[in-house]
Structure formats: C-alpha cells, structure tokens
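Subject: A structure for you to look at

Hello,

Here is the structure I promised to pass on to you. Have a look at it first, and then read my notes below.

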Amino acid sequence: MLSELKAGDRISPEELSVWRALLRVQVQVSRQLQNDLVAAHDLALGSYDVLLHLAGSEDGRLRMNDLADRVLLSRSGLTRLVDRLQREGLVDRESCSSDARGLFAVLTPAGRERLLTATPTHQQGVREHVLSKLNREELHQLGAILDKLSDEDAHRDSAA
C-alpha cells in the first residue's frame, strides 16, 4: 500500500519524525498538566478547559455546540463532561430563549472559584513543561508555526 504512493505524496522519514514528535509532545504535556490539576485540585484538564472557556465568555455562558467546538470535544463527549461538572455544582445548564432546542452551559460561582484556585497550578505547569524550555526567539517561532498550522476560525475563537 505504501509503495503505491507517488514519491511526492510520501512523507519522508524526517517529516514523519517531526509529526510523531508533535503528537508525543502534545500527549506528554497534556498528561503532565492533567496529573498536576488532578493531584492539586481533583480537576481533570478537560474540565479545567471547559471552566476556562466559560469564564472567558460573555456572562460566563456558551451554547453547548460552541463550547464543544472550543474544547475540541464531540457533542456527546461534552454532554457527558458537562453532566459531571453539573453534578459537582461547577456548571449549570440553561435553555436558550431564542431556540427551544438550544442549551447554554453556564459557569456557577463554585465553578469560577474552582477555576481561580486551579489556574496558578495550570499556569505553573505550562511554564514548567513548555515555556521554560524555550527562549524568547524559539517561543516566537513556535507561535508563528502554530499560527500557520491552525485553522483560522479556531484561531479567531481562541483569540477572542
């Protein structure tokens, strides 16, 4: 099968090595951040991400579909995660007045407090596991590379 690929379509060993390194680093950093957050705050990285996006939105609320897109989860995956966060009192659900089928995820005061206490741990982890390993020029280069690779719509959402 691989031999059927045209030479221009094949990924070189160097390219494959870079691709695998990107995947490995993403998994390693995510695991480290997850471990840090769970150990210090009993809060999974995905839950932290949901709380962070809600806190950064207008009125601490986002439509479930928009939130799923921002945290890179399927609709059903987000539903299960929001169910857990709701049981913990960190998020509520509210109906959308303009769309009877639409639902908002809404950050509760307890969710905001949990986010505030977990944020220093998360930021320390990001600094320790990523930022401290790059000098200013490397950080700028990495940012430019990631901007080049990212989906423009997703980049605009995260910058907002």
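**What I found**

Let's start with helix α1, residues 13–41: at 1.5 Å a residue, its 29 residues should span 42 Å, and the end C-alpha atoms are 41 Å apart, which agrees. The expected span here is 1.5 Å times one less than the number of residues in the helix. Helices (H or I, at least four residues) and strands (E, at least two) are DSSP runs, numbered from the N terminus.

Before going on, please keep in mind that this is a predicted model: local features need pLDDT of at least 70, side-chain atom pairs count only at pLDDT 80 or more, and totals for chains, interfaces and linings use all residues. Residues are numbered from 1 along each chain as its sequence is written, and side-chain values use heavy atoms, with hydrogens and water left out.

**The protein as a whole**

The protein has seven helices and three strands. From the N terminus on, the order is α-α-β-α-α-β-β-α-α-α. Of its 160 residues, 26% are buried. Buried means under 20% relative accessible area, exposed means over 50%, and partly exposed is in between (1.4 Å probe, protein chains only). If you take the contacts (heavy atoms within 4.5 Å) between residues at least 6 apart in sequence, 49% of them join residues at least 24 apart.

**Helix α1 and its partners**

Which residues of α1 are buried? They are Val-29, Leu-33, Leu-37 and His-41, and the buried residues of this helix pack against α2 (45–55) and α5 (109–129). Just after α1, Asp-42 takes a positive phi of about 50 degrees.

Two packed helices are described by the angle between their axes and the distance between the axes. For α1 and α5 the angle is about 145 degrees and the axes are 9 Å apart. (Axes are lines fitted to C-alpha atoms, for helices over the stretch in contact, and angles run from 0 to 180 degrees between N-to-C directions.) On the α1 side, the residues that meet α5 include Val-29, Gln-32 and Asp-36, while those on the α5 side include Arg-114, Thr-117 and His-122.

**Salt bridges**

Side chains of opposite charge can pair when their charged atoms come close. In a salt bridge, a side-chain nitrogen of Lys or Arg is within 4 Å of a carboxyl oxygen of Asp or Glu. How many does the structure hold? There are four, and here are some to find:

- Asp-69 and Arg-75 meet through their side chains at 3.0 Å, N to O. Asp-69 is partly exposed because its relative accessibility is 42%, and Arg-75 is partly exposed too, at 41%.
- Asp-83 pairs with Arg-93, with the closest N and O atoms 2.7 Å apart. This pair links distant parts of the chain, ten residues apart: Asp-83 is in helix α4 (residues 75–87) and Arg-93 in strand β2 (residues 91–96).
- Glu-88 pairs with Arg-114, with the closest N and O atoms 3.5 Å apart. Glu-88 lies in the loop between α4 and β2 and Arg-114 in helix α5, so the pair ties together parts that are 26 residues apart in sequence.

Finally, look for Thr-108 in the loop between β3 (99–107) and α5. Is Thr-108 buried or exposed? At 9% relative accessibility, Thr-108 counts as buried. Leaving out residues up to four places away in sequence, Thr-108 touches Gly-89, Leu-90, Val-91 and Asp-92.

Enjoy exploring!
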